[in-house]
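Biologist: Let us go through this model together. I will ask what the labels rest on.

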Amino acid sequence: MPSSSELLAADCVSRTYPIPGRRRERRLVHAVRDVDLAIARGSAVGLVGESGSGKTTLARMLIGLETPTAGRVLLRGEPVGRGWVRASEVQMVFQDPYTSLDPRQSAVETLDEVQRVRFDRTAAERGRRTAELLEAVGLGRQEAEALPGALSGGQRQRAAIARALAVEPELLILDEAVSALDVSVQGQIVNLLNDLRSELSLTYLLISHDLAVVRQMVDTVVVMYRGRVVEQGPIDAVLDRPQHPYTRRLRAAVPEAGKALGGRMAPAEPRNEGCVFHHRCELAGADCDREPALAPVGPNHLARCWRTGERTAPAEHQPTRSHTT
Ligand SMILES: Nc1ncnc2c1ncn2[C@@H]1O[C@H](COP(=O)(O)OP(=O)(O)OP(=O)(O)O)[C@@H](O)[C@H]1O
Ligand SMILES: [Mg+2]
């Protein structure tokens, strides 16, 4: 049960979607299934897993953009409903910065407006803060005065991050917002976010394919596979001593910063199909047709595997069937 130091928590949340084209058979995919997640105030939590593992769906449920088909979302221990999100509390920067920027406003105008609406600041103070934010995200004056349509993807992403930071939210959710940037800008933004975390006691949920970025920013990491949490714990323990074969695979497969770890995996369909990873697992045996519990494997470290003690040599990168959109 979540405690009061938790800013935001998911309590056994699930989200199902009907499979396209099979309406009559009423089959469902589980985008997220029975996930518990707790984000303590001031912490930085990473959410990792391949494309299609349910990370965005979980984040969208946390901020009320999506309604869980089961389970609850709690803000400071109190259940919240659809559309609960308050901008002053949570900002989310999405994979696609087009969705968080007004196409008719330059970054300068957006940053000024955000401050005008939220804070009691003079024009001069707003101007100073705008300049600070632009510098912090590495956006030049010329780009900052252009409309989003005239910017590159990386520049738009930086404008979106600046916009989210201008609000000074308590929780910032970054959904692949950093990994698409080139490495030098990425480093700059990671440093900025780390500084802001201590200055403003910001709380982060960082969703990323890129374990290197995740390691630089988070204390705790949650590994998802096909809608399930398969491992979670302190970042160093999970990445240095991964106990789930999927986490080991993820770690071994990290090809380059910013690259996905293979295509979209098949979504989880029926319940009780056993361990969600057994189709791809080199350690799978007969007992894996039952799903193990998320069990302690170290201090604050949990893994969902019958064979947490067993190891094989790190697997080669084995791309999954790719049908990425
Ligand atoms: N609106 C929707 N309708 C139907 N299926 C959906 C919908 N949103 C997500 N899904 C399915 O739910 C699963 C999880 O998707 P989700 O986008 O949450 O994954 P993700 O981990 O964020 O992936 P990525 O790394 O590619 O962003 C996928 O199988 C996806 O196809
Ligand atoms: Mg996503």
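Biologist: What makes R121 count as lying over the face of F119?
Modeller: A charge sits over a ring if NZ of Lys or CZ of Arg is within 6 Å of the ring centre and within 35 degrees of the ring normal. R121 is at 4.1 Å from the ring centre of F119 and lies over its face. Note that this is a predicted model: local features need pLDDT of at least 70, side-chain atom pairs count only at pLDDT 80 or more, and totals for chains, interfaces and linings use all residues. Residues are numbered from 1 along each chain as written, chains are lettered from A and ligands numbered from 1 in the order written, and side-chain values use heavy atoms, without hydrogens and water.

Biologist: Why is the pair of Y225 and Y246 called tilted?
Modeller: Rings of Phe, Tyr and Trp (its six-membered ring) pair if their centres lie within 6.5 Å; planes under 30 degrees apart count as stacked, over 60 as edge-to-face and the rest as tilted. Y225 and Y246 lie 4.4 Å centre to centre, with 50 degrees between the planes, so the pair is tilted. Y225 is in strand β9 and Y246 in helix α9, 21 residues apart. Together with F277, Y225 and Y246 form one aromatic cluster.

Biologist: How do you know whether Y225 and Y246 are buried or exposed?
Modeller: Buried means under 20% relative accessible area, exposed over 50%, partly exposed in between (1.4 Å probe, protein chains only). Y225 has 3% relative accessibility, so Y225 counts as buried. Y246 has 0%, so Y246 is buried too.

Biologist: Why is helix α9 described as largely enclosed?
Modeller: Seven of its nine residues (245-253) are buried, so the rest of the structure largely encloses α9. Among them are P245, R248 and L250. The buried residues pack against β3, α7, β9, β10 and α8, where contact means heavy atoms within 4.5 Å.

Biologist: What makes β2 and β5 edge strands?
Modeller: Two strands pair if DSSP finds at least two bridges between them. The open sheet has the order β2-β1-β4-β5, with antiparallel pairing. β2 (28-40) and β5 (78-80) each pair on one side only. Inside the sheet, five bridges join β1 to β4, and A10 has V73 as its bridge partner in β4.

Biologist: How far is the model to be trusted, by its pLDDT?
Modeller: pLDDT is the predictor's confidence in each residue, from 0 to 100. The protein averages 84, and 83% of the residues score at least 70. Over residues 255-260 the pLDDT is below 50. Residues 313-325 stay under 50 as well. Where pLDDT is low, the predicted coordinates should not be read in detail.

Technical notes. Helices (H or I, at least four residues) and strands (E, at least two) are DSSP runs, numbered from the N terminus.
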